[in-house]
Amino acid sequence: MVSKRTEDFMRRDVKYLMHPIHAVGRRPRVVLEKGHGIWLQDTEGKEYINLLSSIECTNLGHGRREIINAVLEQMNKVEFHGGWYGLSDPTTIDCAQKLTEITPAGLDHVVFTSGGAESTDVAFKMVHLYWFLRGKSHKSKIISLYGSYHGLGAGSWASNRAEVFSQERWGPSSKDFLHIPSYHCYRCMFGLEYPECNVRCARYLEEVIINERPETIAAFIGEPVIGGSGCVPPPPEYWPTIRKICDRHDVLLIADEVMTGFTRTGKMFAMEHWGVKPDIMTVAKAISGGYIPLGAVVINDKVYQVLKGNELSHGYTFCGHPTACAAGLAAMNLYVTDKVAENAAKVGKHILERLEAEFKPLPCIDNPTGVGMMLGFDVVTDKTTKAPFPEDVRERIYSEILDKGIISAVIWGSGNSRFLIIPPCTMTIEEADLTLDILLPMMAAIKPS
Ligand SMILES: Cc1ncc(COP(=O)(O)O)c(C=O)c1O
C-alpha cells in the first residue's frame, strides 16, 4: 500500500507519461523526488542505492552544491543564447577548453551536443565530411561491433531536403554499417579462449577491411569497455591492435566514451588504460554529472585541419547550451579536484574482489568482470553451458532488488544475462560493502532451473 499522494502520482503517470524500457500504460515502479550522494528517495520516503548512476550519468552522486550553484550563476547571467552562426559565450568556451584539457593529449577541438546519440551522429557526419574534403567520398562504410550500443537517434536527418544540410558532404543518410565480433571473451563468437586466441576479434577487423577494400572503409567505432551489453573490458592488446590496423588502412578510429568517460573506469577516459588515442571521441552522460543534458564530440588535429575553413552545416538547437556547459565545467572541475578516478579504481577493485570471492562460487553467478566502477556478472542457469535465465527471471530480480532498496539494471538478450554494478564513482568502501551485503543473499537464492 502506498500513500494517497504517491497513488495520485502513479495514476497521473499512467495517464500522461510513457517510459523507456517499460510497457506503455504500466504503473511506474517508484516515483523519485530527492537525491543525495549515492542515494535516491521516493515519495514514500524510502531510500534506494543508485547502483546504475541514473543510466551511468551521476558519477559524482546527487546534490553537489558546486554544480547546482554554477547552474544558478549561469542562469542569472544568461540561460541560453543559441550558439549557431558563430555566437559564443565565456562559459561554453571555458567548458570546451576544460574538456580538451582532460581528454587524452591531441584531442583538442570540441563540438557540443545534448546527449550520446547526437554525439554519435555528429561523429559520423564529421567522418563523412572529412573523407569528402579529402576527395575520398567512396570511403563511406563504418564498422562497429556486434552487441555494441551507440544510441537510438534515427530518421530526422534522413527526411531533410534543405540545401544547407547537404547530404553530399555528410555522406548517405542511411549509412553503410558492417559489424564484427566483439571482445566479449566469456561468449567469444569465434569459440576461442584468451590468450591462445591471440585476440582474433581485433585481428578480424583487418580481414574485413581488406575484403571490403580499404578504399570503402571510413571509420571504426567501438565502446572502449562493453557498456550496455554488460560491462566487459577488452583484453589489454585489443585497442592497441585496433589502432594499428586503422592506421595501416587509413581508417578513422572513433572511441565512444559516452558511458566510459569521466572517471567511470578508474581513469578519466577508458582509452587511457591502453594509451590509445582515437581520432574522434564521443562523450555525454557524466560530462555534466548528469545534472543537465550535455554531450560533445572531440576531434584531433588531423581531422580538424581537413575540416578547417569549411562550414559545419550541422547543429542542434541546444548544442553548446551555456547552462549545460556551466554544469559540465563544474562537474569536470570536481572530477579533477576530488580525484574521483582514483576512488573509482580503488572501490571498483574492492567490489570486483568481493564478486570473485563471494559471488562467483554461487551456483548461478559467473564471470564477474569490470574495470573501475563499471562492473557486472553473468546470471546463468548452468555454468558449463552458460545458458541465460528466461526473461521472467530478469523481471523478478529487478523487482526484488528494488524492494530491498537498490536500483540497478539486469541486461537480458542476445544470449546474454548480466547484472550491472555501476554506482556513482564517489561511492565509499563502506557503501560498496553495504550494497554487496544486500545483493549477496539475493543472488545466492537464485537456483539452477
Ligand atoms: C556507449 C554509448 N553510446 C551512446 C549512448 C547514447 O546516449 P544517449 O542515451 O545520451 O543518447 C549510450 C547510452 O547508453 C552509450 O552507452
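Residue numbers start from 1 along each chain as its sequence is written. In this predicted model, local features need pLDDT of at least 70 and side-chain atom pairs count only at pLDDT 80 or more, while totals for chains, interfaces and linings use all residues.

**Exercise 1.** Work out which strands of the open sheet stand at its edges.

*Solution.* Start with the order, β1-β2-β3-β14, with mixed pairing. Each of β1 (32-36) and β14 (406-407) has a single partner strand, so one side of each lacks a neighbour in the sheet. Strands here are DSSP runs (E, at least two residues; helices are H or I, at least four), numbered from the N terminus, and two strands pair if DSSP finds at least two bridges between them. Now zoom in: β2 (residues 39-42) and β3 (residues 47-50) run antiparallel, joined by three bridges. Gln41 sits opposite Glu47 in β3.

**Exercise 2.** Describe how α3 and α10 cross.

*Solution.* First, take the axes (lines fitted to C-alpha atoms over the stretch in contact, angles from 0 to 180 degrees between N-to-C directions). Those of α3 (residues 65-77) and α10 (residues 322-337) come within 8 Å and cross at roughly 150°. That makes the two helices roughly antiparallel (over 145 degrees).

**Exercise 3.** Find which helix gives the largest share of the shell around the ligand.

*Solution.* Helix α5 (residues 116-133) does, with three residues. Next, pick out the nearest of the 14 residues around the ligand: Gly115, Gly116, Ala117, Gly151 and Val258 (near means a C-beta atom, placed from the backbone, within 6 Å).

Terms used. Parallel < 35°, antiparallel > 145°, perpendicular 65-115°, else oblique.
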